[in-house]
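This report covers charged side chains and their pairing. The sequence and structure come first.

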Amino acid sequence: MMVLGLESSCDETAAAVVTGAGEILSNVVLSQTEAHAPFGGVVPEIAARAHVTHMDRLVDQAMKRADVRYDDLSAVAATAGPGLIGGVLVGLMTAKAIAAVTEIPLIGVNHLEGHALTARLTDKVAFPYLLLLVSGGHSQLLVVEGVGAYRRLGTTIDDAVGEAFDKTAKMLDLGFPGGPAVEKAAEKGNPDRFDLPRPLKGREGCNFSFSGLKTAVRRTREKLGASATAEDIADLAASFQKAAVESLMDRVSHALDLFVDEYPAGTSLVVAGGVAANQYLKGQLENLVALRGVRLIVPPRHLCTDNGAMIAWAGIERLRLGLTDPLDLAARARWPLDPTAAPAPFAGYKA
Ligand code: KG4
Ligand code: ZN
């Protein structure tokens, strides 16, 4: 089995070829970071145009690096949502064209399912497991019960955590993407200097919220004024990071209680998404799982952030179950993994 996977739902254009045995034959990712940097965040129209410009070339590169022909492919998979619709359409239409011409099955993959199943590609994790998905586009806690079977325990009711890192970086003039910049600045800062809120900490459930924390960072930055020193900025970055991670830990802790209680067969907490690269978060998660007898799995960074291999792998998992899609499959801006979960109206596609 061999599947070509395409990803274009946010600001990475990506294509990869993966085998049924879990071998990544090629995995090319073009990040548009530089194109969006002047704006301090992803601009949907710029992203969509960049996907149009680069997708065909990246598909060609992925096929050549894998050294396979279109005839060798068992299927072509593409992200069909959720995400920025202009971008999603580019990858999905490209996959449809390939499927139509080569007469292989099309598989429309939920981007979140791509993240959710990556730990099975990298670590062969068995179902069920608990997933913490933390990226620029999403903050979710899900029980992965099986392919296509997800139970959402929590989601953001406003911003995603990566977005909060990006916006904090913007307010502190640290550059884009903000996560790594905030983490670096925080290394030299005092995390206890500013008293920032820990959103939803101590409250019931597993939902997230980051917009109040973001506002508190803005107010603190304004109070520091034009005379703010590098030390002030480092202290604020460190205080923000500590508050954001403490809020996350509280939510994960509730989810772990529920998971351990209701899924006795489950033994793993998997972390995915760009924020999983944060070393402070990772350290705190390690402490938390150690207390519950659960193991922590963080796939390698290049497979935690958006990429084509995760889409190809989700395609393989679906193909094994005979789950293919018709050529008139629609792209979806919003597409919750757990359709029974209550909508979070202010989170948009992030929920
Ligand atoms: O998964 P990803 O590459 O793209 C999507 O959003 O889907 O995640 C990117 C996000 C950005 O918001 C970025 O600031 C954040 O992940 N990020 C981090 C770190 N590295 C990346 N956040 C905190 N600490 C980091 N080291
Ligand atoms: Zn993603």
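## Basis

A salt bridge here is a side-chain nitrogen of Lys or Arg within 4 Å of a carboxyl oxygen of Asp or Glu. This is a predicted model, in which local features need pLDDT of at least 70 and side-chain atom pairs count only at pLDDT 80 or more, while totals for chains, interfaces and linings use all residues. Residues are numbered from 1 along each chain as its sequence is written, and side-chain values use heavy atoms, without hydrogens and water.

## Salt bridges

The count comes to 15 salt bridges. One of them joins Asp 257 and Arg 292, at 2.3 Å from N to O. Asp 257 lies in helix H8 (residues 230-262) and Arg 292 in helix H9 (residues 279-292), so the pair ties together parts that are 35 residues apart in sequence. Helices are DSSP runs (H or I, at least four residues), numbered from the N terminus.

Within helix H2 (residues 44-66), Glu 45 and Arg 49 are four residues apart, and their closest N and O atoms are 2.8 Å apart in a salt bridge. Glu 45 is partly exposed at 46% relative accessible area, whereas Arg 49 is exposed at 55%. Buried means under 20% relative accessible area, exposed over 50% and partly exposed in between (1.4 Å probe, protein chains only).

Asp 166, in helix H5 (residues 161-171), is buried yet has no salt bridge. The nearest side chain of opposite charge (Lys and Arg count as positive, Asp and Glu as negative; His and the chain ends are not counted) is Lys 167, 8.6 Å away. Lys 167 forms a salt bridge with Glu 163 instead, at 3.2 Å. The Asp 166 side chain reaches the backbone nitrogen of Gly 178 at 2.8 Å.

Key
Chains are lettered from A and ligands numbered from 1 in the order in which they are written. Helices (H or I, at least four residues) and strands (E, at least two) are DSSP runs, numbered from the N terminus. A polar contact is a pair of N or O atoms within 3.5 Å; within protein, one must be able to donate a hydrogen and the other to accept it, and residues adjacent in sequence count only if both atoms are side-chain atoms.
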